[in-house]
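Hi,

Here is the structure I promised to pass on to you. Have a look at it first, and then read my notes below.

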Amino acid sequence: MMRGLPGAFLGSFKTSYGYLSQRLYGVLTEEKYDGRLYPSHIPTSTVQKAILAVGSGVAALKNPYRHDMVAVLGETTGHQTLIKLRDRMRNDPEGSTILLERPRIRLSTLDLSNMSALPDGTLGREYLRFLEENRVTPDTRAEVKFVDNEELAYVMQRYREVHDLLHTLLGMPTNMLGEVAVKWFEAAQTGLPMCILGAALGPLRLSVSRLQLLGQSLGLWALRNGGRARCVLSIYYERRWEQTLDELRHELNIEEPPVSLIASIKNSSSKSYYF
Amino acid sequence: MAAPIRAFVLRVLSDSTRNIHHVLRCRSKYLCRRAAITARRGYSDSTEGRSTHFGFQTVPEEEKAEKVYKVFESVAKKYDVMNDAMSLGIHRLWKDTLLHIMNPQPGLRLLDTAGGTGDISFRFLEYTRSMYDRQQRLRAKSQQTPSWKDIAGHYVSDEEGPPQSRAVVCDINKEMLKVGKQRAEDAGITTGLSWVAGDAEELPFDDDQFDMYTIAFGIRNVTHIEQALQEAFRVLKPGGRFMCLEFSKVTNPLLARLYDAYSFQMIPVLGEVIAGDWKSYQYLVESIRKFPDQEIFKEMIEDAGFFRVQYFNLTGGIVAIHSGFKL
C-alpha cells in the first residue's frame, strides 16, 4: 500500500511537491540511479564538501581557467541560497512552469536554423550571434555533481545555462570586464556565495582603466539592476526567442547598459571565461 | 572439498621436479589455504557468467580492461602530482625501499611492467650507475700504487664503458608511456631505457629474457592476476627475481580505520580538485580494498612457480613488497 501511493505521486508530479510527499512516505528515487539522486550526482559527506569548497576555491583563484573548480565551489557553498532561489522561482508562475518542465539549453534542443532566420534585435538572433562571436557553445557547461537535492541541482544547472543568455541580455562580452559586470549582476540577484566571491576578487585582475569604468558606471549599473530585476532564472527563454531584447529588458526591469562595451572591445583580444 | 584436493593433486603431479619434501611438509597448510584461494578466485576461474570487480562495482570481465584503460588515460597527465599529493610524498620512500631490497648489480636487465611513468626504471638505472661508480672507487682504493703499465691498461679497457644495465618499461596504456617518455627526456636519460606497449597478461617478450621483473602499483588493475604471474614466470631467466609493490591490508585496527577514513574521504576530493576527476580516484581506493591480502597473494605467487616467496610490510601494511625467485 505504501509503495502504490508514492508511485502515483511520482507519475503525476515532477515538482518538489512530489518529491516532498515521497520523503514523507519515506520513499526516495534511489532505485533509479543506484543510491544517487540524478545521473551526475556524487554523494558527499559534510567533511568532503568542506574540503572541496576550500580546495576548489584555492584552485580557482590560482587558475581562473579552471571553470570546473568554480562550478564545484558554487555547488558546495550554495545550498541555502539555492533553496531561496528555488522558492523565488516557485512563487513566480513562469518559474514554477520551468521547475515543472525542466527545460535544458543544449545545442540539440535549440533550433538553430529557425533562430538564425529571426530578425536582428530578437533574443534568439542576438544569442546566436553572441555564441558565434565568442566561439562558445552551451554544451561545455559542467554537470552539477555535489548538490544533494535533485530539484536544487536543476536550479544550479539552470543558473549555469542562463549565464550566457545573461551576457546577451546585458550586452556584455566575455572578456574579463564583461564577466565581472555579469558577476556583479548575478551576485546582487542570486546571492550565491560563489558569485559574491567572484565579484569581489574579479576586479583584482582588471587594468586600471577598466577598473575605473567598472567603478564609475558599469559596476553600479550592474548592482542596481541586479537588485531590482525580476528573477532571471524564472524566464522561460526557450519560448521567447522571437521577443526583442528591448522588450525583454523592459519586462525584466533592466536598464540599457551605460557603456556599449562590444564595439570598443571587439578589436582587443578577448578570452572566454566561464563562471 | 573435492575442488581443493583436486587442485592440490594436480599441483603435486605437475611440479614433480620440485622439492617434494617441501610440499609434503606443508600439505596441511596448503589444504586450508587452497579452499580460501579457490573461493576467492572463483570469480575469475569460473567458465559461466564471467564477471569481475571494478572497484566496488561488478562488471563483465571484457569490460574491466577497457574501463581501467580509460581511468589511466584520464589521470596520466596529473599522475605524478596526484601520487605526491595523496601519499604526501611517501610513495617515493616506498619505491626507494623496493630498490634497496632488490639491490641490483650493474649490467642486469629489468622489466618494469605497468611501469607507466617510469618511476621504478629511473631509480633502477640510477641505483646501478651509482653502484658501479662505488665499485670502481673501491677497486681504485684497493690498488694502492699501480704501476704505469696498469694505468695504461685501465685506459684501454675502459673504452667499453660500464656494463650497461637496461630497463624496459612495459605498460598497456599509451598515455602513461607518453608521460614517462617526456619525463625521461626532461631528466636527460637517453641510454638503457626502452618503452614498450604491452599487456601484463600477455607480454610481448620471449621466454627467459630478464633478470628482474617488477610491477609497482599495477597488478591490482590486471583482470587475471594469475595470468600476469605466469607471464612473469615465463619471461624471467632462471635465477631471476620477481618483485611486486602493491597496496595491501593494514593489520593494525586503529591505523586501518584512519587509513580507510583518509582513503574514502580525502582521496576522491583531492582527485576532483587537482585532476578534475572524482570517479577515477574513487576506483583507485575501491580497487585497493578488492585486492587479496599479503598471505593470499603470497600463495598466488607460489602457485605460479616462484620459490622463496616473502613479503615485507611497509608503513604498517598499507603497502607490501612481495618477492619471489624463479629457480
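About 2,200 Å² of area is buried between domain 1 and domain 2 of chain A, and carbon and sulfur atoms give 58% of that. Before you go further, keep in mind that this is a predicted model. The domain assignment puts residues 1-77 of chain A in domain 1 and residues 78-266 in domain 2.

So what sits between the two domains? On the domain 1 side of chain A, 23 residues are in contact with 23 residues of domain 2. There are ten residue pairs in polar contact between the two domains of chain A, counting pairs with both residues at pLDDT 80 or more. Three helices of chain A, namely H2 (16-24), H3 (46-62) and H4 (67-77), each supply at least two residues of the side of domain 1 that touches domain 2. The largest share of that side comes from H4(A), with eight residues.

How many salt bridges are counted between domain 1 and domain 2 of chain A? The count is two. Here's a salt bridge you can look up in the model: Asp148(A) pairs with Lys49(A), and their closest N and O atoms are 2.6 Å apart.

Which residues does UniProt list under "binding site"? The record, an unreviewed entry, names His163(A), Asp164(A), His167(A) and Glu179(A). These residues span 17 residues in sequence, but no two of their C-alpha atoms are more than 10.3 Å apart, so they gather at one spot.

Let's zoom in on two of them. His163(A) is found in helix H9 of chain A, which covers residues 150-170. Is His163(A) buried or exposed? With a relative accessible area of 1%, His163(A) is buried, because anything under 20% counts as buried. The side chain of His163(A) also makes a polar contact of 3.3 Å with the side chain of Glu179(A), and both of those residues are on the UniProt list.

Asp164(A) has its place in helix H9 of chain A as well. The relative accessible area of Asp164(A) is 2%, so by that under 20% cut-off Asp164(A) is buried too. What does the side chain of Asp164(A) join up with in a polar contact of 2.9 Å? The partner is the side chain of Arg141(A).

Cheers

Methods
Residues numbered from 1 in each chain as written. Chains lettered and ligands numbered in written order. Predicted model: local features only at pLDDT ≥ 70, side-chain atom pairs only at ≥ 80, totals over all residues. Heavy atoms only, no water. UniProt positions renumbered as here; feature names shortened; annotations may be inferred. Helix = DSSP H or I, 4+ residues; strand = E, 2+ residues; numbered from the N terminus. Buried < 20%, exposed > 50% of the residue type's maximum accessible area, 1.4 Å probe, protein only. Polar contact = N/O pair within 3.5 Å; in protein donor to acceptor, adjacent residues only side chain to side chain. Domains from an automatic or database assignment. Contact = heavy atoms within 4.5 Å. Buried area = accessible area lost by both parts, 1.4 Å probe. Salt bridge = Lys/Arg side-chain N within 4 Å of Asp/Glu carboxyl O.
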